[in-house]
Amino acid sequence: MKDVRKKMILHSNIIGEGKPFIILHGFLGMSDNWKTLGTQFSQLGFQVHLVDQRNHGRSFHDDVFNYEALSEDLKHYCDTHNLSNVVLLGHSMGGKTAMLFATEYPELISKLLIADISPRFYPVHHDAILDGLSALDFDVIKSRGEADKALSHYVSDAGTRMFLLKNLYWVEKGKLALRINLEILKNEVAEVGEALLGCAKYGKDTLFLRGDRSEYIGDEDEAIIKNHFSKAQIVTIANAGHWLHAENPKAFYKAVQEFISETQF
């Protein structure tokens with residue numbers, strides 16, 4: 001029987017008017033994480049699209065979760081909004097989506113920016129976080145403070161917990177829940193670390209940004225990056241780890257601004 005289901009469109013927050021600029025969040029994140037920077041980028045003459053990827057934020061939930069599906073979602077989003085000559089920025093998992101999308105649809109991209117992720121394979125390393133989120137019992141937990149306390153038994157860093165607990169929302173008065181599709185993300189977490197296929201190439205201007213305290217992009221990754229992205233530059237953001245855009249937003253904004261200021265449309 002033919003599948004006649006209507007393809008779902010990703011949820012987004014669109015800020016400003018001008019040239020299209022899409023931002024993709026990382027694993028367990030959401031578009032709201034980028035609202036401050038997105039507003040700043042919109043003031044440079046861009047229409048900024050802060051997108052929730054599937055199973056995250058306010059976008060649809062689906063049992064299929066891999067980069068091929070995430071890239072297809074983004075293509076459908078661009079088609080729906082009639083977007084071309086896009087500046088595309090992706091962080092971590094969003095960076096992997098952006099890499100694949102750019103190699104599949106280079107004609108839609110004017111400039112590509114990848115924040116703190118390499119095209120290589122990464123082993124699963126979110127076990128404690130996923131276990132902690134799975135342990136949150138919202139029949140018992142009735143406040144964000146209580147959720148933070150429960151999560152602290154699994155995640156010691158307060159900043160990481162604050163980031164994760166942005167996924168909390170009130171289903172109804174007195175009833176909290178998580179926006180993410182936790183069951184599927186937990187089952188398919190190995191997909192997040194998958195490498196970009198060796199044949200995937202992109203030949204336009206690309207900027208890789210890395211935090212100086214992050215281990216996601218090391219010096220040994222430069223050759224891997226250049227193999228896939230022949231015009232790649234790598235810029236290091238000082239005093240920043242993996243969440244470089246949040247830890248040093250001024251330096252991150254400056255590096256992005258300089259790279260996109262010469263964008264041709």
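User: Why is Ala-147 called buried?
Analyst: Buried is the word for a residue with under 20% relative accessible area, while over 50% counts as exposed and anything in between as partly exposed (1.4 Å probe, protein chains only). Ala-147 has a relative accessible area of 0%, so by this rule Ala-147 is buried. The model is predicted, so local features need pLDDT of at least 70 and side-chain atom pairs count only at pLDDT 80 or more, whereas totals for chains, interfaces and linings use all residues. Residues are numbered from 1 along each chain as its sequence is written, and side-chain values use heavy atoms, with hydrogens and water left out.

User: Which residues is Ala-147 in contact with, leaving aside its neighbours within four places in sequence?
Analyst: Contact means heavy atoms within 4.5 Å, and with those neighbours left aside Ala-147 is in contact with Leu-136, Ile-141, Leu-165 and Leu-168. Ala-147 itself is found in helix H5 (residues 144-151), where helices (H or I, at least four residues) and strands (E, at least two) are DSSP runs, numbered from the N terminus.

User: What makes Trp-34 and Phe-252 an aromatic pair, and why is it called tilted?
Analyst: Rings of Phe, Tyr and Trp (its six-membered ring) pair if their centres lie within 6.5 Å, and planes under 30 degrees apart count as stacked, over 60 as edge-to-face and the rest as tilted. By this rule the count comes to 9 aromatic pairs. In one of them, Trp-34 and Phe-252 are 5.8 Å apart centre to centre with 55° between the planes, so the rings pair and the pair is tilted. Trp-34 lies in the loop between strand E2 (19-24) and helix H1 (35-42), while Phe-252 lies in helix H10 (residues 249-260), and the two are 218 residues apart.

User: Why is the pair of Phe-41 and Tyr-253 called stacked?
Analyst: The planes of Phe-41 and Tyr-253 make 15° with each other and the centres are 5.5 Å apart, so the pair falls in the stacked class. Phe-41 lies in helix H1 and Tyr-253 in helix H10, so this pair ties together parts that are 212 residues apart in sequence. Both Phe-41 and Tyr-253 are buried, and ring pairs link Phe-21, Phe-41, Phe-46 and Tyr-253 into a cluster.

User: How do you know that Lys-19 sits over the ring of Phe-46?
Analyst: A charge sits over a ring if NZ of Lys or CZ of Arg is within 6 Å of the ring centre and within 35 degrees of the ring normal. Lys-19 lies over the face of Phe-46 at 5.8 Å from the ring centre, so the distance is within the limit. The charged end of Lys-75 likewise sits over the ring of Tyr-105, 5.4 Å from its centre.

User: What makes E1 and E9 edge strands of the sheet?
Analyst: Two strands pair if DSSP finds at least two bridges between them. The open sheet of 7 strands has the order E1-E3-E2-E4-E5-E8-E9, with mixed pairing. Strand E1 (12-15) and strand E9 (232-237) each have a single partner strand, so one side of each is left without a neighbour in the sheet.

User: Why is E3 called largely enclosed by the rest of the structure?
Analyst: In E3, 6 of the 6 residues are buried, so the strand is largely enclosed. In a regular strand the side chains alternate between the two faces of the sheet. Both faces of E3 are covered, with Phe-46, Val-48 and Leu-50 buried on one side and Gln-47, His-49 and Val-51 buried on the other.

User: Why is His-245 called buried, and what does it touch?
Analyst: The relative accessible area of His-245 is 6%, so His-245 counts as buried. His-245 is found in helix H9 (residues 244-247) and touches Trp-34, Leu-37, His-91 and Phe-252, not counting residues up to four places away in sequence.
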